[in-house]
Amino acid sequence: MPWRSLRWFILVKPGTVPQLRKGICMNRVLAHTGARYPIVQAPMGWIARSPLASAVSRAGGLGVIETSSGETENCQREIRAMVDSGLPFGVNLPIRFLKDEAMLRFVCEVGIRFVTTSAGSPAKFIAPLKAAGIVVYHAVPTVEMALKCVEAGVDGLVVEGGEGGGFKNPEEVSTLVLLQAIREKVDVPLIAAGGIVDGRGMAAAFALGAEAIQMGTRFVASLESPVHAHYKEAIVGAGTTGTWMLNTKSSPCIRALKTEFTQTIYEAGLMGPESFMGIQKVYFGGDMNAAPALAGQSAGLIHQVSSVQDIITQTVEQFQSISRRMGAMAQAADFG
Ligand SMILES: Cc1cc2nc3c(=O)[nH]c(=O)nc-3n(C[C@H](O)[C@H](O)[C@H](O)COP(=O)(O)O)c2cc1C
């Protein structure tokens with residue numbers, strides 16, 4: 001089913017009989033990104049590089065390249081590889097973690113269409129990015145932050161619920177509540193992130209006002225993900241209570257898998273920056289106790305490592321099947 005399609009609209013003029021008219025219904029996230037499906041792969045330090053991002057974009061989603069690893073030259077090489085591939089893709093700029101303006105300048109010059117910003121206020125980044133013709137979405141964990149970002153001029157928002165993996169707001173609000181609360185207040189397009197792994201989550205997010213979904217944990221446990229098999233197996237083996245919110249009284253607050261390593265942090269209630277020193281040993285060495293293994297509650301919904309193509313195809317098919325069922329319920333005006 002094309003996502004840009006003719007739809008019937010009901011036009012109601014005061015004092016007249018409502019009329020059905022055909023009009024173009026455009027998904028704004030697809031218009032902004034150039035992707036075929038409104039499915040975005042989350043930015044994830046070291047993991048979200050060209051092998052994973054290009055697999056996602058080739059399958060019709062939107063691959064995103066990370067820069068949160070702080071490896072400026074490597075990330076620039078990854079971005080160039082994606083530009084050369086001709087596939088649609090995005091870049092994430094985690095404002096607080098950027099050492100200087102080199103990455104911002106590079107992104108503005110290299111010919112990128114879509115950027116997500118995160119971790120901090122996007123205010124200073126919006127003018128240079130927009131001057132370079134780039135569409136900017138900012139990742140927000142609260143309604144207050146969403147309002148500030150819209151005021152600052154972002155084109156859209158990534159709405160990140162507290163059940164998602166990675167760096168989190170300690171005052172967690174679930175994706176279910178946050179999406180509705182933000183949709184009530186703003187008109188910009190929303191990408192829903194946190195707790196989504198398939199077409200069921202996608203249909204729920206769209207019902208609440210999202211125009212796209214972003215998945216992190218699901219793509220970590222994909223065949224094309226570069227992480228060690230132990231990490232993928234740990235995600236597949238985790239239940240819905242298989243993660244902890246850690247370091248909630250300090251910064252950064254994170255959601256990670258329950259392991260011996262994270263149990264110590266959980267019991268201490270605090271975590272120092274040195275806790276992340278071994279993150280590459282987790283990702284690529286498979287030592288699940290070298291650092292916190294970031295993952296969301298959605299790990300409990302992931303039952304096997306799948307190819308990116310299968311994840312995207314099955315998500316779209318399941319979304320469409322649920323949408324048809326809901327449409328039939330609406331037409332029949334019952335809940336059968
Ligand atoms: C392993 C991992 C690493 C992550 N790293 C980053 C990051 O570097 N920058 C960022 O903005 N978000 C990061 N996130 C958060 C994701 O962008 C996304 O919001 C989250 O994964 C969505 O929830 P889900 O895991 O339930 O899909 C990370 C998430 C995971 C699971």
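Tutor: We can start with a pair of helices. Helix 8 and helix 13 cross in a right-handed sense. Keep in mind that this is a predicted model.

Student: Which residues make the contact there?
Tutor: Helix 8 contributes Gly199, Arg200, Met202 and Ala203, and helix 13 contributes Gln314, Thr315, Val316, Glu317, Gln318, Phe319, Ile322 and Ser323. Sorted by class, the contact of helix 8 with helix 13 has five nonpolar, five polar and two charged residues.

Student: At what angle do helix 8 and helix 13 pack?
Tutor: The angle is about 55°, and the axes of helix 8 (residues 199-207) and helix 13 (residues 308-332) are 7 Å apart. Angles from 65 to 115 degrees would count as roughly perpendicular, and those under 35 as roughly parallel. Helix 8 and helix 13 are therefore oblique to each other.

Student: OK, another pair. How do helix 2 and helix 3 cross, left-handed or right-handed?
Tutor: Helix 2 and helix 3 make a right-handed crossing. The angle between helix 2 (residues 50-58) and helix 3 (residues 72-85) is roughly 25°, and their axes come within 10 Å. Helix 2 and helix 3 therefore count as roughly parallel.

Student: And what meets what in helix 2 and helix 3?
Tutor: From helix 2 there are Ser50, Ala53 and Ser54, which meet Glu78, Ala81, Met82 and Ser85 of helix 3. That contact of helix 2 with helix 3 has three nonpolar, three polar and one charged residues.

Student: Zooming out, how is the chain divided?
Tutor: Into domain 1, covering 27-226 + 306-332, and domain 2, covering 229-299. The centres of domain 1 and domain 2 are 22 Å apart, taken over C-alpha atoms. Their contact involves 21 residues from domain 1 and 18 residues from domain 2.

Student: Which elements of domain 1 are on the side that touches domain 2?
Tutor: Strand 9 (166-168) and helix 9 (217-220) are the elements that give two or more residues to that side. By class, that side of domain 1 has eight nonpolar, nine polar and four charged residues.

Student: Where does the ligand lie?
Tutor: Between domain 1 and domain 2, because both give residues to the shell around the ligand.

Student: Which residues come nearest the ligand?
Tutor: Of the 29 residues around the ligand, the nearest are Gly164, Gly165, Gly166, Gly216 and Gly296. Strand 5 (89-94), strand 11 (212-215) and helix 9 are the elements that give two or more residues to the shell.

Student: Which element gives the most to that shell?
Tutor: Helix 9, with three residues. The shell around the ligand has twelve nonpolar, 14 polar and three charged residues.

Methods. Residues are numbered from 1 along each chain as its sequence is written. This is a predicted model: local features need pLDDT of at least 70, side-chain atom pairs count only at pLDDT 80 or more; totals for chains, interfaces and linings use all residues. Domain bounds come from an automatic or database domain assignment. Two residues are in contact if their C-beta atoms, placed from the backbone, lie within 7 Å. Helices (H or I, at least four residues) and strands (E, at least two) are DSSP runs, numbered from the N terminus. Ala, Val, Leu, Ile, Met, Phe, Trp, Tyr, Cys and Pro count as nonpolar, Asp, Glu, Lys and Arg as charged, and the others, Gly among them, as polar. A residue is near a molecule or strand if its C-beta atom, placed from the backbone, lies within 6 Å of it. Axes are lines fitted to C-alpha atoms, for helices over the stretch in contact, and angles run from 0 to 180 degrees between N-to-C directions. Angles under 35 degrees count as roughly parallel, over 145 as roughly antiparallel, 65 to 115 as roughly perpendicular and the rest as oblique. A crossing is left-handed if the near helix is turned anticlockwise from the far one by less than a right angle, and right-handed if clockwise.
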